[in-house]
Amino acid sequence: MNQLIRYCKGYLKLRLTGRMPERFLNLCAANQIIIWNLLYDDKNSYLLTMSIQDFRKIQPLCRKTGCTLHIVEKHGLPFFFYNNRKRKGFFIGFLLFVGLLYLLSCFIWNIHIDGNHANSTFTILTFLEQKGIHHGIWKNDVVCQDISAEVRQAFPNITWVSTKIEGTRLLVEIKENVDGYKVKESEQKGANPCNLTAAKAGEVVKIITRSGIPKVTEGTVCEKGEILVSGEIPIINDAGETIRYDYVHADSDIFLKTQYYYYKEFKRKYTHREYAEEVKTYPFLEVGDYRLDLKLPKKRNVPAVSYENRHQLFLTESFALPIYYGTTTSRTYREQEQIYTEEECRDISGKQLRQYQDELEKMGVQISENNVKIKITDTKCIAKGELIVIEQAAEETPCEIQEVSPGKEHSLDEQ
């Protein structure tokens, strides 16, 4: 930093000769004249460096000590401007460059999202764009407090948001609470009385009841909508009469043996892409909405696939510019009509079925029996059949609240 300040103010490299150079240096120290890079030369002289301002103060000290100073080198902006004073175009261009940098620093050119896991960066950027926060927005139009409040309101699982501007970057740091929904669900369980009913028809394989009265046992065949565990608990007096009902949130693990119907078909005829071995890479430059691709003209009617390696230009770590550069890699191909063999059809169909089974297992469904058959015709490959599975297929339904008979309430008071 000191070197930059000295360069902006200008400094001189000097050779000191005379009768009493040591006294001259002592007087400089006493008058707070800063000297650096002091070296003893083999010609009975000293080499030293000082600023232009201090150089203008040392003439009385030279006369008092009988010393002489000779300028060896000149450095700094004052000498640069003096030597280039006739190059007006250069200075005009320099001033325009500085003005352009100042103008670009008034906009947001990069929005950085940090700390998100459950909500993708694309989702949050899309939300901000809907609220008018986008790349290229004027800094004065950005209110960080409003952005933080809107993000917290739009995404319930985000518990903390910090928004700040650094240079031309808008930094949005967030913290998420993924377990927040589970807490709310557990809180609601005790508040809402309900029954557990069958979400689909099937056979009860296993039932573990924690709250409520079970209406079925293992081996019972039930229909869709049938009550499996009731949240309505009758209170019976000594005479065996029901005097009132208590209602609870039915809670139970109920596993049903059900079936899924599977059907998947695809055509045996398909389009095969044969890619060329040659891969072409072209540089590109993009400034704002203008793009320049440095490549040869593309051949007509030749399909190709391409992808970009894209980078944004930063003047400093936090000063992003609306300038992008990179390369585009392109590869041509030609299409051919082909037909899957029977072995390929069975292989593809088997992969599709395994993928479907994997998705079921991720949802907690256990595959018990596979009755899917593959049929191959001249034009299609069809896989269809049934999957026998074991799954938790109970859903919560609200209890019907029954009113208590006044006569029964009175009989209870008398007792």
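Reader: Before we start, what should I know about the model and the numbering?
Author: This is a predicted model, in which local features need pLDDT of at least 70 and side-chain atom pairs count only at pLDDT 80 or more, while totals for chains, interfaces and linings use all residues. Residues are numbered from 1 along each chain as its sequence is written, and side-chain values use heavy atoms, with hydrogens and water left out.

Reader: Which residues make the nonpolar surface patch?
Author: The patch of about 760 Å² is made by Y7, F80, F81, F90, F94, L95, F97 and V98. Patch residues have over 30% relative accessible area and no salt bridge, and nonpolar side chains are joined within 5 Å, like charges within 9 Å. Areas come from the Shrake-Rupley method with a 1.4 Å probe, and for residues only the protein chains shown count as cover; a salt bridge is a side-chain nitrogen of Lys or Arg within 4 Å of a carboxyl oxygen of Asp or Glu.

Reader: Which helix gives the most to it?
Author: Helix 6 does, with five residues, although helix 5 (77-83) and helix 6 (88-104) each supply at least two. Helices here are DSSP runs of H or I with at least four residues, and strands are runs of E with at least two, numbered from the N terminus.

Reader: New topic: in what order do the strands of the open sheet come?
Author: The five strands come in the order 13-11-17-24-23, with antiparallel pairing, where two strands pair if DSSP finds at least two bridges between them. Strand 13 (221-222) and strand 23 (366-376) each have a single partner strand, so one side of each is left without a neighbour in the sheet.

Reader: How many bridges join strand 17 to strand 24?
Author: There are 13 bridges between strand 17 (residues 251-267) and strand 24 (residues 380-392), and Q259 stands opposite I388 in strand 24.

Reader: And which strands form a hairpin?
Author: Strand 21 and strand 22 do, with five residues between them; strand 21 (residues 304-314) and strand 22 (residues 320-339) pair in the antiparallel sense over 10 bridges, and S306 stands opposite S330 in strand 22.

Reader: Last one: what is I376 in contact with?
Author: I376, which is in strand 23, is in contact with R268, E342, C345, R346 and C381, leaving aside its neighbours within four places in sequence. Contact means heavy atoms within 4.5 Å. I376 and R268 are 108 residues apart in sequence and 8.9 Å apart in space, C-alpha to C-alpha.
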